[in-house]
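Please walk me through this structure in the viewer, one selection at a time. Tell me what to pick next and what I will find there.

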Amino acid sequence: MFDAPTPLVRVRDLKMHFPIYSGLFRKRTGEVKAVDGVSFDVFEGETLGLVGESGCGKSTCGRAVLRLYDITEGEITIDGAEIGTKDQSDLRSMRPVMQMVFQDPQASLNPRMTVEAIIREPLDEHTTLSAAEKREKVLELMDAVGLNRAFAGRYPHAFSGGQRQRIGIARALALNPKFIVCDEPIAALDVSIQAQVVNLLEDLQEQFGLTYLFISHDLSMVRHIADRVAVMYLGKIVEIAPSDVLYTAPKHPYTQALLSAVPEPDPSADARGERIVLQGDVPSPSNPPKGCNFCTRCPKVMDICKEVEPASVELAPGHVTACHLYQN
Amino acid sequence: MTDATLVKTPSQAREIWDQFRQHRGAMIGLGFLIFITLFVIVGPYLWDLDPTKSDIRNKNMRPFYIGMLFGEKWGWNHPLGSDNLGRDVLANLMYGGRISLAVGWTAMLLSLIIGTLVGVLAGYFKRLDGPLMRFTDLVLSLPLLPLLLVMMLLFRDALRAAFGPELGIFLLIVTGIGITSWMNTARIVRGDVLTIKEREYVLAARSIGAPSRRIITRHLLPNVLSPIMVSATLGLATAIITESALSFLGLGFPSDFPTWGKLLFDSVDRMESFPERVIWPGLAISLTVLAVNYIGDGLRDALDPRIRGR
């Protein structure tokens with residue numbers, strides 16, 4: 001990238017393999033390559049969308065970037081600090097910079113804590129504010145995410161899905177982070193609430209200058225919120241491009257197939273081309289195919305795809321894809 | 001912007017108490033527990049007969065209600081009758097209750113603490129899971145009564161010498177029961193911790209950077225409270241009954257030392273002629289256990305915010 005400022009988050013060749021133990025002696029017989037060599041940058045103030053079908057490793061990637069897992073391999077730099085190989089206890093001081101919004105707002109809130117206690121938890125961990133200051137900060141956060149202050153003493157079960165997600169967002173904001181991983185924050189909400197939450201996330205981004213890694217399988221929502229989009233397939237990123245470019249001129253066959261599946265609201269405009277229907281299933285991440293991961297289902301498969309893993313090529317500034325169609 | 005004073009909610013303790021009061025069984029249980037506790041603590045001051053003193057001329061007296069109805073030998077000096085050595089049943093019940101309740105509560109708390117600790121450590125730290133649970137299985141497979149008997153034989157004299165006969169035996173019995181009854185709690189708690197630690201709120205706490213000990217105290221323990229509470233109430237019953245079994249075998253408290261369990265066993269062979277000597281201590285044990293059970297039930301509901309306020 002030519003005139004690029006230094007990225008806030010820099011991920012290089014991130015690998016997250018989960019071991020499989022089986023047999024009588026629980027021997028390690030293989031591994032699930034959930035994330036297998038992923039590289040991307042997220043620049044300050046932007047939103048990078050991460051899309052892909054279920055089980056392709058999106059969530060694992062997001063969690064691994066925040067070091068909620070001990071990664072197998074790779075480099076992660078957030079805000080100038082290398083965190084890929086740090087010890088969990090050394091990471092504690094880095095935690096305020098990076099936060100996460102979870103997929104299921106019901107499961108991500110402790111049912112036995114009040115809203116105030118939930119939002120206060122990060123403050124308890126990382127600040128030395130007095131009880132009154134913490135309370136004031138909690139109430140300010142509740143204002144910021146559009147929750148009524150009077151609800152501070154209630155428990156999560158008393159809230160609707162959208163409100164719970166707001167509580168989760170308030171908790172993520174409590175320590176003034178720079179980088180937030182949104183792990184499918186809207187997947188568990190219904191459509192009207194999805195829009196509210198996404199708009200809230202955008203407002204907060206503007207207000208606090210946040211940087212998002214927005215993980216989702218909702219392609220139209222990602223188009224709306226993301227500046228750049230990365231497409232994942234079977235643990236690898238197949239294409240990264242600025243949002244408009246990716247949605248208007250996708251290059252990788254998988255991206256083309258994925259985007260052709262987005263429903264078109266206008267029936268007359270639906271004549272834009274045939275839907276690409278992929279055959280077969282996603283191969284198991286514990287036993288990915290030789291060569292290109294997508295070669296088993298690719299409509300444009302060539303002989304070389306089954307032998308050699310394609311390298312990433314920059315087609316235009318900021319538009320990178322890993323496909324043999326575009327090599328040379 | 002509303003003022004912070006406007007968002008005052010009723011305090012948590014108040015809410016819990018309000019919900020607890022809704023549970024009728026728990027309130028009756030609490031009432032009975034207070035009654036029985038006062039009965040064994042304050043009772044002996046009001047009815048200051050020595051429980052071990054035998055009044056041989058007034059032996060085998062019947063309780064007042066049987067005496068009145070069937071004209072058998074009775075008197076107000078022994079309102080619940082006396083046993084075959086002329087010892088007062090009411091005084092024995094009071095003093096026996098002191099020991100039984102003390103042993104029951106302490107042994108239950110001890111086994112609860114050990115069980116919860118082992119369960120949480122085994123469930124949360126994967127590396128400890130194998131060793132701790134195999135150790136639990138090991139203890140579980142030991143025949144408990146013989147083990148307790150061996151413990152009594154080995155340590156009784158040493159503890160007696162160190163703490164005096166009463167406290168020494170008390171400590172021995174409480175530890176003996178405590179360290180042989182924590183296994184079920186440990187297993188239940190481990191199972192619950194295993195499921196709860198995979199919840200997203202634990203992951204969220206980790207993403208905040210909370211250390212394990214605070215994740216355990218803040219997120220895991222409050223959420224495994226219900227099974228702990230249930231095994232606590234059962235544990236109290238087991239402790240009282242185990243203590244009586246030990247007394248029955250002659251390896252608990254000395255023979256002139258009344259406990260509910262011992263009263264029960266002393267009277268079993270003459271149960272047909274004097275049923276009241278079995279009924280009263282038996283009733284005391286079962287009602288106490290039942291009361292604690294109901295209190296545990298009510299407390300579990302009151303501590304769960306999802307049930308509270310419904």
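## A loop to start from

Select A:Leu234, which sits in the loop between strand S9 (228–233) and strand S10 (236–242) of chain A. This is a predicted model, so keep that in mind at each stop. The phi of A:Leu234 is positive, about 50 degrees, although A:Leu234 is not a glycine. A:Leu234 is also buried, with a relative accessible area of 4%.

Next, select A:Glu184, in the loop between S7 and H6 of chain A. Here too phi is positive in a residue other than glycine, with a value near 45 degrees. Is A:Glu184 buried or exposed? A:Glu184 is buried, and its relative accessible area is 6%.

## An enclosed helix

Now colour helix H5 of chain A, residues 161–173. From first C-alpha to last, the 13 residues of H5(A) reach 18 Å, close to the 18 Å expected at 1.5 Å a residue. Because 11 of those 13 residues are buried, H5(A) is largely enclosed by the rest of the structure. Show side chains for some of the buried ones, including A:Arg164, A:Gln165, A:Arg166 and A:Arg171.

What covers the buried residues of H5(A)? From chain A, the cover includes strand S6 (98–101), helix H3 (115–126), helix H4 (131–144), strand S7 (179–183) and helix H6 (191–208). Chain B takes part as well, through H10.

## The open sheet

Move to the four-stranded sheet of chain A, an open one with the order S2-S1-S4-S5 and antiparallel pairing. Strand S2 (27–42) and strand S5 (81–82) are its edge strands, each pairing on one side only. Inside the sheet, select S1(A) and strand S4 (residues 73–78), which pair in the antiparallel sense over 5 bridges. To see one bridge, pick A:Val9 and its partner in S4(A), A:Ile78.

## The largest pocket

The largest pocket has a volume of about 1,300 Å³. It is lined by 31 residues, and those closest to its centre are A:Leu68, A:Tyr69, A:Asp70, B:Lys197 and B:Arg206.

Which element gives the largest share of the lining? S1(A) does, with 5 residues. At least two lining residues each come from S1 (9–22) and helix H2 (88–91) of chain A, and from helix H6 (126–141), helix H10 (200–208) and helix H11 (212–223) of chain B. Colour the lining by residue class to see 13 nonpolar, 5 polar and 13 charged residues.

Key
Residues numbered from 1 in each chain as written. Chains lettered and ligands numbered in written order. Predicted model: local features only at pLDDT ≥ 70, side-chain atom pairs only at ≥ 80, totals over all residues. Heavy atoms only, no water. 1 Å grid on protein atoms, 1.4 Å probe; cavity = no way out; pocket = protein on both sides within 12 Å on 5 of 7 lines; lining within 4 Å. Points joined across faces, edges and corners; volume = space filled by probe spheres on them. Nonpolar A, V, L, I, M, F, W, Y, C, P; charged D, E, K, R; others polar. Expected span 1.5 Å × (residues − 1). Buried < 20%, exposed > 50% of the residue type's maximum accessible area, 1.4 Å probe, protein only. Contact = heavy atoms within 4.5 Å. Pairing = 2+ DSSP bridges.
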